[in-house]
Amino acid sequence: MIKLVGIHKIYEDNNIGFLALKDVSLDFKDDHFVCVLGKSGSGKTTLLNIIGGLDTPSTGHMVINGELTTKFNKTQWDYFRNYKIGFIFQNFSLIEHLTVLDNVMLSIKLQGVKEEEARNRAKDMLKRVHILDQADKLPKKLSGGQRQRVAIARALVNNPDVILADEPTGNLDKKTSKEVLELLKEISQDKLVIMVTHSKKIANKYADRIIELKDGIVLSDTKPYLNERVHILKPNIKHTTFRFTDKIKHAIKNIRMKKWRSFLLALGLAIGVTSYVLIDGISNGIKINVKKHLVGQVSSPDLSFHVDGTQLNSLDKDADEYVDYLLANDDIKAVRYDKNLYANIIEVNGKKLSFQQDSLTYKFTNLKDEELRLIGKPYGDGTWPSKNNEILLSYSYASSLYEIDNIKTLWSKLKGANITIASDYYYQFPYEIYDFNSEIFQSYPYIDEETEPMGYDQEKFGSYSQQVATQMNYYNQLLIRDNNIYFCTDYDLLKNYYSSEVKDSKVYYVVGINDSTQINSSIITKEEYWNLPSSYRGHGENILHIFDVYLTEHGKNHTFEMNVKYPEARIVGVPNNLNNTSMAIDIFVGIVQFIISLILIVSVVTASFMLLMVLLISVMERSREIGILRSLGATRSDILAVFVSESAVIGFYAGILGIILSIVLTFGGNLFIRYQYKNILEETFNHSNINLIVLKPISCIIAVIICILLAMIFGLFPAIKASKKTPINALKRL
């Protein structure tokens, strides 16, 4: 089964050599208990380590089941230690942050066995060595005998061909030693057990074969099997398979064992990440709120279409139909018919007010993403007008009533108020009619309103009383100059600008105040808007119709085509500097963010170097754990993956912790800003309940990824150092 031929082992220290084994040649068969006897320094542990593949001979050969180990590569040795050999160490060599069950399962998991099967096999083996009731405890809570039973269970769980025991009773009391030795004796009925001991009494009582060493030389052998020929086979290369998920779990368990140190490490990275996320959140919040505020300040259309009545008639359309005609264009997203309609508030809740004038408009779009820019939005719990007697006041209109700038205070005063607005006006007095005569004009000496002037032409002008009534209806006065009264055959031709004299009024119910400070039009229903008389733009077919047109992004880049497509309209461009202002804000905030981020990089890199130092210390602290893993068959890549995974998990925890801190600080920061700068926020944005810190989900995801990558990068060097340790050096903590 195992054949050693001419084995020499020399240890070197500062060019000084020590010969631990000298020309050792031994054969081992199946199914017996072999004791390697000798004093300290005789070479017995070295012999055991060479047989188990933990150490390599300086010269000589070892053949295992016909395979020449001299030609084994590292992968074959790892497979050999996991599948063929079971180690039982004097100091138990259990991994302290793993439970009893996990320690035993570790050998199985290195073979790629799934969790459930590994658990069942481990429990069966713990039951066999009478330690199943301690499966969920950590090794430090067990007695020496119990710990050794766990070590034996771990050695047996993979059903290896050979059990190697290095003075397994050295740290046990007499009673426990006996139990362990009897258990090993029982195991030797099925397997080859090679045990190192310095006790002749134990060797004589339990061993089937005793090999005594002295100064690295085989002094005696009670059952030698020498000079037997073996057939050398071609090596069958096999691999251990430590599943990726099990590597992650192993890393997490170590982190939990050192949770406070791991937490502080993660916190160091998290602080840098939190700073990055918060700075990004602040810049994002500033951009969002300032842009939203700017958007609310710019309600001017992209184009203004001026169409006279004659052109509309030629298209056989009225103003309402022309709006629909324009909206059929895919490049036009909204159209407002601008009647140049003004309103004067006469009374508020029955109290007469001084003259206050503002324009009126209507809710002409349902584009949710554009409402703020085009028509604003109701402040607080205000609503859009839904009835013809309802109105949403503009901010400027509302503030002019009380000379108050705070919209919250304004809304508290005007919510549900009844306001009386002039709905119709008399025309301005047409002085120009006195400067010329025409077939439609004629003047007579004025007597009074009831007395018809001498020579009055009833056939041309109709009844005198009707002329008086018409003039009073248009101008609230008669057209008198120098004691002459002027008459006209068609007073529609004399319609001119409205005067400031109110002809009729209507009561409206205030349902809201516009949140935008720069949309200087109060909003009523569309039906009400179209029914109210417009300001003067001519008369008859010469009336001028104005349509405010808002374009899509494609339309803004193709305004020239509008002139070709709509020849009936005189199209006027309206300057809008919103995009330029937004770009300037983006550039400024981006520069500030970049400068601050450079400063924050220092804290992140510092935390990363701290992680590097701690992981280097961890490699030294966990040297024995590395040796145990290697002795169980873990490959160098497995060790590398375990340590890199541990770094990645710490980085992940740091990222999550950073996001949690960012959310908490964002919530607290926004509350503080709202409280501390309430008045400034209300004056600037009309609100105090805005968020100036707005976290972006993508930034949080990027922060976690950065944390993981940084932790893995800075954890790579310690991981490489750990993976390069040989099993024997790691166990000796060299």
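User: What makes the residues listed for F547 its contacts?

Analyst: Contact means heavy atoms within 4.5 Å. Residues up to four places away in sequence are not counted, and F547 then touches L303, S304, F305, V307, A319, Y322, V323, L326, V335, R336 and Y337. The model is predicted, with local features requiring pLDDT of at least 70 and side-chain atom pairs pLDDT 80 or more, whereas totals for chains, interfaces and linings use all residues. Residues are numbered from 1 along each chain as its sequence is written, and side-chain values use heavy atoms, with hydrogens and water left out.

User: What makes a set of residues a nonpolar core, and which members touch the most others in the largest one?

Analyst: A nonpolar core joins buried Ala, Val, Leu, Ile, Met, Phe, Trp, Tyr and Cys residues through side-chain atoms within 4.5 Å. Buried means under 20% relative accessible area, exposed over 50%, and partly exposed in between (1.4 Å probe, protein chains only). The largest core has 53 residues, of which F305 and F547 touch the most other members. Apart from it lies another core of 47 residues, among them I7, W77, I639 and L731. In soluble globular proteins, nonpolar side chains tend to be buried together.

User: Why does T666 count as buried?

Analyst: The relative accessibility of T666 is 8%, which is under the limit for burial; T666 therefore counts as buried. T666 belongs to helix 22 (residues 636–676). Beyond its neighbours within four places in sequence, T666 is in contact with L278, I693 and L695.

User: Why is helix 1 described as largely enclosed?

Analyst: A helix here is a DSSP run (H or I, at least four residues), a strand is a run of E (at least two), and both are numbered from the N terminus. Helix 1 covers residues 44–51, and seven of its eight residues are buried, so the rest of the structure largely encloses it. The buried residues are K44, T46, L47, L48, N49, I50 and I51. Helix 1 is followed by G53, with a positive phi near 80 degrees.

User: Why is strand 8 called largely enclosed, and how do you know which strands pair with it?

Analyst: Six of the six residues of strand 8 (residues 192–197) are buried, so the rest of the structure largely encloses this strand. L192, I194 and V196 point one way, V193, M195 and T197 the other way, and all are buried. Pairing requires that DSSP find at least two bridges between two strands. Strand 3 (residues 33–37) is joined to strand 8 by five bridges and runs parallel to it, with V34 opposite I194. Strand 7 (residues 162–166) also pairs with strand 8 in the parallel sense over five bridges, with I163 opposite V193.

User: What makes strand 4 and strand 5 a pair?

Analyst: Two bridges join strand 4 to strand 5 (residues 67–68) in the antiparallel sense, and at least two are required, so the strands pair. I64 has E67 as its bridge partner. The two strands form a hairpin with two residues between them, and N65 in the turn has a positive phi of about 50 degrees. Strand 4 is also joined to strand 1 by five bridges, running antiparallel; there, V5 has H61 as its partner.
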